[in-house]
Amino acid sequence: MQEIPLIDHHCHGVVTKELTRDALEALMSESYRPPAPGTTQFQKPLGLAIRRHCAPVLDLEPLASADDYVARRMALGADEVNRRLLAASGVATHLIDTGHRALEISSPQQFAALSGHAAREIVRIEAVAEEVAAAGCGAADYPALLAEALRERGSRAVGFKSIVAYRTTFRIEQTAPGHSEVIAAAGRWLAASAGRRARLEDPALIRHGLWSAAEICRERRLPLQLHVGFGDPDVYMHACDPTHFTDFLRDMESWGVAVTLLHNYPFVREAGWLAEIFQNVYYDVGAILNFTGASSTRIMRDALELGPFTKQLFSSDAFGLPELHHLGVVLFKRALGTVLDEWLRSGECTVKDVEEIFAAIAHGNAARIYGLG
Ligand SMILES: [Zn+2]
C-alpha cells in the first residue's frame with residue numbers, strides 16, 4: 001500500500017536557485033511577513049516535521065537541529081536538494097498550478113526533469129485574465145480575448161483553477177454576469193491598470209472569468225479547482241466557508257463539471273458534506289497536513305468522517321520548497337494509513353476495503369476525473 005503511485009492533483013513548482021536561510025524560512029510560511037522578532041519558522045509543527053522527515057533524506061539524523069539542517073541544505077546545493085527530496089516522494093504525476101509567482105519557480109517541464117515524474121498543467125483563471133489585461137486591450141474586446149486565451153491555455157492543461165475565495169470571498173453573487181456589466185467593469189479595471197499588470201478583484205470580472213472557464217470545463221470534461229480556506233493572508237477566512245458557494249456548486253452539478261475544493265482547512269467537515277450531497281464535488285486536505293505535522297492524522301480523521309471515499313483527492317499544495325512535496329506524501333500516507341488501520345483493527349472494514357480506499361484517494365479518483373488513464 002505504501003508503494004502505491006500517487007497523483008498530486010494540486011501543487012506548484014520549486015525554487016531552483018540557492019536559498020538563504022531567510023528565503024528558506026519565508027517559503028515555510030503562507031504569511032507575507034517574517035516570523036515575530038526573536039523567533040524562527042522552525043518553531044512550529046511544520047519546522048518539526050521538516051527536521052523529522054526531511055533531514056534523513058539529506059543524510060542527517062532525524063530531528064537534526066534547524067541550524068544543522070540549513071547548513072547541510074546549503075552544502076548540498078539547491079539542485080541536489082531538489083532532486084533528492086522530489087525523487088523520494090514517489091509521486092507518479094503532479095498537476096501543477098502555474099498561476100502563482102510563476103517566474104520564481106520551476107515550470108512543469110523543469111519540474112518533470114528535476115523529479116523524474118510526469119507533470120501536467122492546471123491553468124489559473126485570474127492569472128490569465130491579468131495577462132490579457134496587461135497585454136493591452138479595450139473593454140469591448142476583453143470578453144472575447146479572455147475566452148480565446150483561456151481556450152488556448154486550456155488546450156494543453158488538465159484543468160482550471162480559481163482563487164475567487166482570495167479575491168472576493170465566496171459571499172458574492174454567483175450567477176454569470178451580464179455582458180454590459182462585464183464591459184463596464186472591464187473598462188474601470190483596464191483604465192486603472194493602464195497597461196501594467198493589475199490585480200483582478202472586481203466581483204463581476206471574477207465571476208465572468210469563472211463562468212468562462214466553466215464553459216470550457218463543461219465542453220472538454222475538465223475539472224475546476226477552487227481554493228478554499230487556509231492559504232495566503234489576503235483571505236477573509238470567515239467568508240471563505242465553501243458552503244457560501246452552494247449555488248455555484250449546484251449550477252456546476254447541472255453542467256456535469258467536477259469541482260475540486262482545495263485545502264479546505266478549517267472547513268474540512270463542510271467540504272466532506274458538500275462532496276456527499278453534490279455528485280460533482282471533490283475535496284482534499286492538501287497543505288494543511290504539512291502545516292499541522294504531528295497532528296495531521298486528526299485532520300485526515302475529519303476528512304474521512306463523512307465524505308465518500310470516491311471524492312477525496314491527494315494534494316501536497318507544495319510551493320517553492322521540495323521539502324513540502326516530500327512531507328506532503330509522507331504525512332498523507334501516514335495519516336490515511338493510520339486511520340484506516342484503526343478502522344481495520346476495530347472491525348469496521350476489511351483489508352480489501354482498506355486497499356481500495358487508499359488507492360482511490362491516492363490516485364484513482366484523480367485519474368478518473370482528470371482523465372489521466
Ligand atoms: Zn496551491
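Visitor: Which spacing do the donors of the zinc ion follow along the chain?

Guide: In this predicted model, the donors follow the spacing H-x1-H-x304-D. The pair of histidine 12 and aspartate 317 links distant parts of the chain, 305 residues apart. Histidine 12 lies in the loop between β1 (6-11) and α1 (21-26), and aspartate 317 in the loop between β8 (312-313) and α15 (322-345).

Visitor: Which protein atoms are the donors of the zinc ion, and how far from it do they lie?

Guide: They are His10 (NE2), His12 (NE2) and Asp317 (OD), at 1.9 to 2.1 Å from the ion.

Visitor: Are histidine 12 and aspartate 317 buried or exposed?

Guide: Buried means under 20% relative accessible area. Histidine 12 has 4% relative accessibility and therefore counts as buried; aspartate 317, at 11%, is buried as well.

Visitor: In which sense does β5 pair with strand β4 and with strand β6?

Guide: β5 pairs in the parallel sense with β4 (residues 157-162) over three bridges, and in the parallel sense with β6 (residues 259-263) over five bridges. Glutamine 225 is the bridge partner of lysine 161, and its own partner in β6 is threonine 260.

Visitor: What unit do β5, helix α11 and β6 make?

Guide: Together with helix α11 (residues 246-255), the strands β5 and β6 make a right-handed β-α-β unit.

Note on methods. Residues are numbered from 1 along each chain as its sequence is written. This is a predicted model: local features need pLDDT of at least 70, side-chain atom pairs count only at pLDDT 80 or more; totals for chains, interfaces and linings use all residues. Side-chain values use heavy atoms; hydrogens and water are left out. Two strands pair if DSSP finds at least two bridges between them. Helices (H or I, at least four residues) and strands (E, at least two) are DSSP runs, numbered from the N terminus. A crossover is right-handed if, with the strands pointing away from the viewer, the path from the first strand over the helix to the second runs clockwise. Donors are N, O and S atoms within 2.8 Å of the metal (3.2 Å for Na, K and Ca); water is not among the atoms, so sites may look incomplete. Buried means under 20% relative accessible area, exposed over 50%, partly exposed in between (1.4 Å probe, protein chains only).
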